[in-house]
Amino acid sequence: MADVASPAPRAWQRMLSGRRLDLLDPSPLDVEISDIAHGLARVARWNGQTRGEHAFSVAQHSLVVEAAFIAAAPDCTPDERLAALLHDAPEYVIGDMISPFKSVVGGGYKDVEKRLQRAIHLRFSLPPDLPARLHKAIKKADQVAAWFEATQLAGFSEAEAKRFFGRPRGLNVDALPLEPKPASVIQAEFVLRFNAIEEARGRDW
């Protein structure tokens, strides 16, 4: 009897918008901001190990990163602000894997993440790969956000957070939206921020 080939494993996820996003070959046409906002608002940062009644979501973290990015570069363009807001957008599909676990998993995770990020950028008319200068500036804002989140929400001492993320200068904690909010609230705030940036870019989705 001839061997029957096993069907290929499913590599796509159905979104609430009705799109089917292929994780191995993601198409920009299957990326929707509503799906991104919904997913990120329900993915917890720090594996959920944060203070407060609600999880501190990746959507809220993204708003903090964009705020820190603008504080460091007030003359930044709307395109650059959008890149900062969407810096963790692939996590609406693959979740937020903490850095210690990423180092154990290795390169496969990063490859999937990079393909998704490129598709997201293309969907919203950003370069598939950001210029090195912009990538570095967003990464710095990400580390600023991580320091404040670590010390205000995740139980890190300032000395411990400084060792992992560096200590930010010139930015007050009161300037950042760090109070964890319900998923539905932060989902709406993420979409509102996206729409405001798109309006500044002269686009209407």
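**A pocket, then the salt bridges**

A: The second largest pocket has a volume of about 340 Å³. Its lining is made up of 17 residues, and those closest to the centre are Ala 72, Lys 140, Ala 141, Val 144 and Pro 168. The model is a predicted one.

Which helices build this lining? Helices α2 and α7 each supply at least two residues of it. Helix α7 gives the most, with five residues. Now sort the lining by class. It has 11 nonpolar residues, three polar ones and three charged ones.

Side chains of opposite charge can pair when their charged atoms come close. This structure holds 11 salt bridges. Take three of them in turn.

Start with Glu 149 and Arg 45. They form a salt bridge whose closest N and O atoms are 2.8 Å apart. Glu 149 sits in helix α7, which covers residues 132-152, while Arg 45 sits in the loop between α1 and α2. Glu 149 has a value of 0%, so Glu 149 is buried. Arg 45 has a value of 10%, so Arg 45 is buried too.

Next come Arg 123 and Glu 32. Their side chains meet in a salt bridge, 3.5 Å from N to O. Arg 123 lies in helix α6 (residues 107-123), and Glu 32 lies in the loop between β2 (20-22) and α1 (33-40), so this pair ties together parts that are 91 residues apart in sequence. Arg 123 has 18% relative accessibility, so Arg 123 counts as buried. Glu 32 also has 18%, and therefore counts as buried.

Asp 129 is in the loop between α6 and α7, whereas Arg 118 is in helix α6. Here the partners are 11 residues apart. How accessible are they? Partly exposed residues fall between the buried limit of 20% and the exposed limit of 50%. Asp 129 has 44% relative accessibility, so Asp 129 counts as partly exposed. Arg 118 has 31%, so Arg 118 is partly exposed as well. Salt bridges can also share partners: Arg 19, Glu 32 and Arg 123 are joined this way into one network.

Last, the backbone angles. Most residues other than glycine have a negative phi. Two residues here are worth a look against that rule. Trp 46 has a phi near 60°, a positive value in a residue other than glycine. Is Trp 46 buried or exposed? Its relative accessible area is 16%, so Trp 46 is buried.

Ser 125 has a positive phi near 60° too. This residue is found in the loop between α6 and α7, where Asp 129 also sits. Ser 125 has a relative accessible area of 35%, so Ser 125 is partly exposed.

Terms used
Residues are numbered from 1 along each chain as its sequence is written. This is a predicted model: local features need pLDDT of at least 70, side-chain atom pairs count only at pLDDT 80 or more; totals for chains, interfaces and linings use all residues. Side-chain values use heavy atoms; hydrogens and water are left out. A salt bridge is a side-chain nitrogen of Lys or Arg within 4 Å of a carboxyl oxygen of Asp or Glu. Helices (H or I, at least four residues) and strands (E, at least two) are DSSP runs, numbered from the N terminus. Buried means under 20% relative accessible area, exposed over 50%, partly exposed in between (1.4 Å probe, protein chains only). On a 1 Å grid over the protein atoms alone, a cavity is a set of points where a 1.4 Å probe fits but cannot get out, and a pocket is an open set with protein on both sides within 12 Å along at least five of seven lines; lining residues have an atom within 4 Å of a point. Grid points are joined across faces, edges and corners, and a volume is the space filled by probe spheres set on the points. Ala, Val, Leu, Ile, Met, Phe, Trp, Tyr, Cys and Pro count as nonpolar, Asp, Glu, Lys and Arg as charged, and the others, Gly among them, as polar.
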